Amino acid sequence: MKSEYTDSIRKEFGSVILDENVSRNETYLTVKKDSAVKICDYLYHHFDAPLVSIFAADERKADGCFKIHYVFSLDKEDAFLIIKINIDEKSPEFSSITHKIPSANWYEREIQDMFGLVPKGHPDPRRLINFEDWPSDAYPLRKDFDIRTKLPRVKGEYVYRRVEGEGVYEIPVGPVHAGVIEPGHFRFSVAGEPILNLEIRHFYTHKGIEKLFENISIDKAVFLAERVSGDNSVAHAVAFCQAIEKIAGAKIPPRAKYTRTILLELERLYNHLGDIAGIATDVAYAFGAAHANRLKEEVMQLNESVTGSRLLRGMNTIGGVRRDIGGREELILEKLSSLNLDFSDLMELLFASPSVADRIETTGRLYNDIAKGLHVVGPAGRASGIDRDTRRDHPYAAYRELAFDVPVLKSGDVNARTRVRSDEVYESISLIEQALSRFSDGDIKVNIKEIPDGYALGYTEAPRGETLYWVKTSKNRIERCKVRDPSFCNWLAIEYAVLDNIVPDFPIINKSLSLSYSGNDM
Amino acid sequence: MFEILRKTLKTGTVTTQYPNRPETAPEGFRGKPELFPEKCTYCGECVKACPPGVIWLNEDNDGKSLALSYCGCIFCGRCEEVCPSDAVKLTREYELASKTKDDLVTIIRRKI
């Protein structure tokens with residue numbers, strides 16, 4: 001990475017940089033604690049660098065300090081700039097940047113709950129992950145918090161935002177929903193049918209996954225990453241493996257890179273088909289839903305034939321893949337070519353149907369500026385004009401060698417989100433075909449015996465969008481593993497997408513954003 | 001409307017007769033792991049490798065036993081991978097529903 005950013009920070013703010021450390025495409029700048037806000041603000045607004053994650057780490061054993069990392073993506077240069085601050089254990093607080101960068105909101109509240117570091121000046125300092133029955137001085141990700149700790153329940157209250165006025169009433173939905181889905185609470189304030197305000201509340205099934213990572217061996221951690229968000233298993237496993245491989249300085253064999261690419265695109269295919277089926281269901285277009293579900297099932301059966309698992313699990317490992325998919329090339333190509341025709345037939349019918357158009361056009365609009373402010377990722381972001389795709393901006397696996405388009409639309413409604421997914425289905429089919437045409441013989445795995453102490457980012461474009469892992473290793477164990485699932489960014493978008501819409505359209509808006517509870521409630 | 005009808009007729013019936021007619025999982029399917037008592041040396045490699053920790057090795061006066069619960073098994077096949085004597089294999093068996101958790105435990109023993 002060019003040192004343009006570092007130089008310019010030095011020029012603008014003087015001697016605020018305490019330490020500079022470059023490792024591959026990641027530059028870590030440790031800055032004075034009180035200058036973090038202005039530097040982040042400068043990078044975000046002046047260089048237009050998206051803030052892709054904020055996370056803390058408890059490194060008190062080493063130097064008595066907590067660390068907070070602000071990760072900025074420099075898309076054009078395939079690089080990341082990480083602003084780091086030290087927080088002394090004796091004064092566990094830092095200045096909030098949420099009023100400058102709205103997407104910092106949940107990250108800062110997460111740090112507050114998990115590490116007990118207070119974001120001073122945060123516009124909404126309520127708890128996010130630890131519920132009101134959680135004692136006030138217990139911070140699960142601190143190193144002195146034992147994973148086996150059982151805490152007493154305490155009394156407490158959570159206060160929702162209120163909309164008041166004549167004829168305004170509230171509709172509480174969830175956390176237990178009709179249907180076999182995960183829990184989440186939605187509180188609507190409505191006047192008649194139109195929605196005036198929606199407040200969501202999540203983290204009912206927080207599983208402490210980041211703590212679990214610190215307590216298992218690295219080879220087992222791959223399987224844990226696969227289970228962070230069940231239908232984005234490959235994207236999570238690959239992101240985790242890439243972080244470890246980066247730390248080890250290992251290059252995986254070409255055949256492993258191509259296999260990973262094929263698996264990642266098969267995952268995108270069945271997810272997008274499932275999402276399109278869900279949207280069709282929610283607009284009562286039963287014919288389309290049945291066919292899209294049939295196509296999804298065909299891809300899942302293909303997954304099973306290729307990998308032995310419908311959800312493509314158990315394939316990735318540190319250093320490559322565990323199973324050779326050789327001998328199945330013909331089967332994949334044959335299935336994909338029939339899927340291509342079948343799917344395009346279906347999409348023509350779906351988009352030509354007036355009853356579908358009537359329900360999805362202009363519904364659930366997520367305006368471009370709001371999507372940008374919240375850092376909405378994946379197909380939901382691309383349907384709101386955000387031209388970002390990790391596969392193109394930070395190429396990994398075999399994507400650098402393959403040609404593909406990144407569909408971007410601007411209208412930000414359910415229609416746009418459906419079309420982006422539909423377009424991406426063709427891109428995925430083409431990517432798999434290209435990957436198979438370049439599939440060369442060779443090893444599928446490189447053996448990595450020792451994993452040195454170090455840290456690195458691993459990233460993929462999951463079907464739902466940018467997925468980020470930051471892993472720090474020490475003595476062949478995981479010291480810290482920060483997982484940033486795309487849904488952690490996208491959930492807040494629903495509060496804006498539903499405004500001015502009517503309550504009966506909530507299910508399609510929700511479906512079109514395709515949000516994961518499990519990936520969010522980690 | 002005509003186009004919808006055409007698509008429906010072209011697709012035909014895709015549902016199968018399962019469970020009235022059994023369906024075989026494809027080759028390489030990651031199903032129920034099976035233990036082979038005649039090959040097992042009770043070395044405990046699978047116990048160490050199992051990510052969810054659902055394989056246990058027990059030793060008492062009578063001998064050694066190895067227990068595997070399908071209840072928490074994630075069908076990753078790590079046990080198969082690390083076994084030095086091919087004593088565990090993932091099979092194509094997938095109908096694992098049972099009424100109790102105990103029914104999901106399989107135990108092999110060797111007397112001293």
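**Chat about a two-chain predicted model**

Author: Starting with where the chains meet: 13 residues of chain B and 12 residues of chain A make the contact, where two residues touch if their C-beta atoms, placed from the backbone, lie within 7 Å. This is a predicted model, where local features need pLDDT of at least 70, side-chain atom pairs count only at pLDDT 80 or more, and totals for chains, interfaces and linings use all residues. Residues are numbered from 1 along each chain as its sequence is written, while chains are lettered from A and ligands numbered from 1 in the order in which they are written.

Reader: OK, cores. How many residues are in the largest nonpolar core?

Author: 143 residues, and Phe72(A), Phe240(A), Ala243(A), Tyr469(A) and Val471(A) have the most contacts inside it. A core here is a set of buried Ala, Val, Leu, Ile, Met, Phe, Trp, Tyr and Cys residues joined through C-beta atoms within 7 Å. Buried means 20 or more other C-beta atoms within 10 Å of a residue's own, exposed means 12 or fewer, and partly exposed is in between, again with C-beta atoms placed from the backbone.

Reader: Which helix gives the most to this core?

Author: H8 (residues 254-282) of chain A, with 13 residues. Helices (H or I, at least four residues) and strands (E, at least two) are DSSP runs, numbered from the N terminus.

Reader: And why is H7(A) largely enclosed?

Author: Because 15 of its 16 residues are buried, H7(A) is largely enclosed by the rest of the structure. Just after H7(A), Gly249(A) has a positive phi of about 65°.

Reader: Switching to strands: how many bridges join S14(A) to S15(A)?

Author: Seven, and the two run antiparallel; strands pair if DSSP finds at least two bridges between them. Tyr469(A) sits opposite Val483(A) in S15(A). S14(A) and S15(A) form a hairpin with two residues between them, and Lys475(A) in the turn has a positive phi of about 50°.

Reader: How many residues of S15(A) are buried?

Author: Seven of its eight, so to speak mostly covered.

Reader: What's the strand order in the open sheet of three strands?

Author: S8-S9-S10 in chain A, with antiparallel pairing. S8 (168-173) and S10 (195-201) stand at the edges with a single partner strand each, so one side of each lacks a neighbour in the sheet.
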